[in-house]
Amino acid sequence: MSIKAMTSKEVTKKVFNKEALFILDVRNKSAFLDWKIEGEKFAYLNIPYFDLLDGVDEILNKIPTDMDVLVVCAKEGSSVMVAEMLSDEGLNVSYLQGGMKAWSEHLEPVKVGNLKDGGEIYQFVRIGKGCLSYMIVSNGEAAIIDATRMTDIYLDFADIIGAKITHVFDTHLHADHISGGRDIAEKTEAVYWLPPKDAFEVTFPYQPLEAGNDIIIGNAPINIHALYSPGHTIGSTSFVVDRKFLLSGDILFIDSIGRPDLAGLAGDWVGDLRDSLYKRYRELSAELIVLPAHFMMIDELNADGSVSERLGTLFAKNHGLNIEDEHEFKKLVTENLPPQPNAYQEIRETNMGKMNPDVEKQREMESGPNRCAVR
Amino acid sequence: MTTIKTNLVLDAKGLACPMPIVKTKKAMNGLEAGQVIEVQATDKGSKADMKAWAGSTGHQYLGTIEEGDVLKHYLRKLSNEEASERKHQNLSTNEELDQRLASNENIVVLDVREEAEYLFHHIPQAISIPLGELEKRLNELNKEDEIFVVCRTGNRSDFAAQKLAENGFTKVINVVPGMCEWTGKSNRLNN
């Protein structure tokens, strides 16, 4: 039987549609435990490829024949080898094209809403890493927020819908992924906005994004209200788009809140984070649709694959917004934090322009989950 | 450039996963138990995989040295040294040796493991003479010195201690178990 390649896009469809898939992950155990393809109805078997060099006999009875089987490895090579061995035994299996490397880089655009005077807002779901970026489109113009380094995807998308990218934003200096913002701004001659408090070490020119900025996208009066909300980083900024959408960056997620320790001392910024979440956000309309810069778990995805929720619902349901006791809140965000993202210091320096790693190095720095949140 | 004496150098440069491990596995078949291989690879993922593969097969992963784009992995083929019976009578525990070192006594620590094993992890005062070279390098040691012999588990050092005793060394002590459980001061290379 011949083996088939399955693309990250096809796997993403299965995640969104909650389809079943059996994943045979042949990376080593620590890599699998650290980070894997998540899906609500996915089943897993992790056996490193190097334990299968002498044959696949011992795992044959562990592989179901009544569901799709996908062999996954880091870069594709080992999964092809194992898939061929299984195929030789008569099994019908696929391998993940480009491996986890491709999975980490796949972006799936999902429309999350319409703007009042015409126009749309799209969410780009980086399904493998949990990063969310946005494109706001109105009357032939577009703004991009928290772009990943896979810049071609945004450029091509804007091309297809016939929009010119005029403004590019980063809500904060990211520590979990390399920003594509500056690159997109250079290629399109758009304005690149960064919160100045996060940017005092950056080596390139930028437009300071401060509270009260109103930016027009297209002809329609679409206002982006920059809402200064420190906590995750000292300069973290949220946007209210079209009085309807709250882009909350890494401050507030669907089922968790931002961690304050990735750019400095957690203890110093706990007060800021609490202020943002418990005072500044409380002053906003509960009807705003929260669009965060990350999701942590696959069950935060809506039926269409998008990640969004009413602010009012989050005030009722998000544990991180419901801790009355300040001391307890401080404990949550400073103690028992998850491990810091892979290479987060190097990623920060790259986003400041202090480092210029090649693409291969960038991939390596970004490998693994994002871990920007605490629950 | 670091050159470490090994029994075999395998060139897996430019090869993507799974080939570095596939080739290493084949090369290991041609080695004798206890011999050391250097695998040169450019696949960044090979480091974690070598470590994990060694763990699952019983080979000893010694460490990796990065030189530019090249990763040089050092592994020692699985040996059944743990099984053999020890003959040299004069023994010391790791703790006893650590105490003697701490009190700055005039003792010699002789590490008889392979050069690569020594390089990645050794007791700071230890001198390195691999077991296979001991016979012809006896002149580097003094018969009157108090010599503590260490290896990984106490077996190669047992052979070495016997050899020294046969050659007229009188104060030879075998350290058991040795480096596999050493918790005292040590020099380590990266990793």
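Reader: How many residues of chain B are in contact with chain A?

Author: In this predicted model, 13 residues of chain B are in contact with 16 residues of chain A.

Reader: Which elements of chain B give two or more residues to that side?

Author: Two elements do: α1 (19-29) and α2 (46-57) of chain B.

Reader: And where does the largest share come from?

Author: From α2(B), with five residues on the side of chain B that touches chain A.

Reader: How do the residues on that side divide into nonpolar, polar and charged?

Author: Eight are nonpolar, two are polar and three are charged.

Reader: Now chain B as a whole. How many helices and strands are there?

Author: Chain B has five helices and 11 strands.

Reader: What is the radius of gyration of chain B?

Author: Chain B has 18 Å. A compact globule with 191 residues would be near 16 Å, so the value for chain B agrees with that.

Reader: What does the C-alpha trace span along its principal axes?

Author: About 55 × 30 × 30 Å for chain B.

Reader: How many of the residues of chain B count as buried?

Author: Of its 191 residues, 39% count as buried. As for contacts in chain B with a separation of 6 or more, 70% are accounted for by residues 24 or more positions apart.

Reader: Over to chain A. Which domains is chain A divided into?

Author: Domain 1 covers 4-102 and domain 2 covers 107-374. Their C-alpha centres lie 32 Å apart.

Reader: How many residues of domain 1 are in contact with domain 2 of chain A?

Author: Nine residues of domain 1 are in contact with 10 residues of domain 2. On the domain 1 side, helix α1 (residues 8-16) of chain A gives the largest share, three residues. That side of domain 1 divides into three nonpolar, two polar and four charged residues.

Reader: Why is A:Val202 partly exposed?

Author: Because A:Val202 has 16 other C-beta atoms within 10 Å; a buried residue needs 20 or more, and an exposed one has 12 or fewer.

Reader: Leaving aside neighbours within four places in sequence, what is A:Val202 in contact with?

Author: With A:Leu194, A:Met352 and A:Gly353.

Reader: How far apart are A:Val202 and A:Ala185 in space?

Author: They are 15 Å apart, C-alpha to C-alpha, and 17 residues apart in sequence.

Terms used: Residues are numbered from 1 along each chain as its sequence is written. Chains are lettered from A and ligands numbered from 1 in the order in which they are written. This is a predicted model: local features need pLDDT of at least 70, side-chain atom pairs count only at pLDDT 80 or more; totals for chains, interfaces and linings use all residues. Two residues are in contact if their C-beta atoms, placed from the backbone, lie within 7 Å. Helices (H or I, at least four residues) and strands (E, at least two) are DSSP runs, numbered from the N terminus. Ala, Val, Leu, Ile, Met, Phe, Trp, Tyr, Cys and Pro count as nonpolar, Asp, Glu, Lys and Arg as charged, and the others, Gly among them, as polar. The radius of gyration is taken over C-alpha atoms; the globule rule is 2.2 Å times the number of residues to the power 0.38. Domain bounds come from an automatic or database domain assignment.
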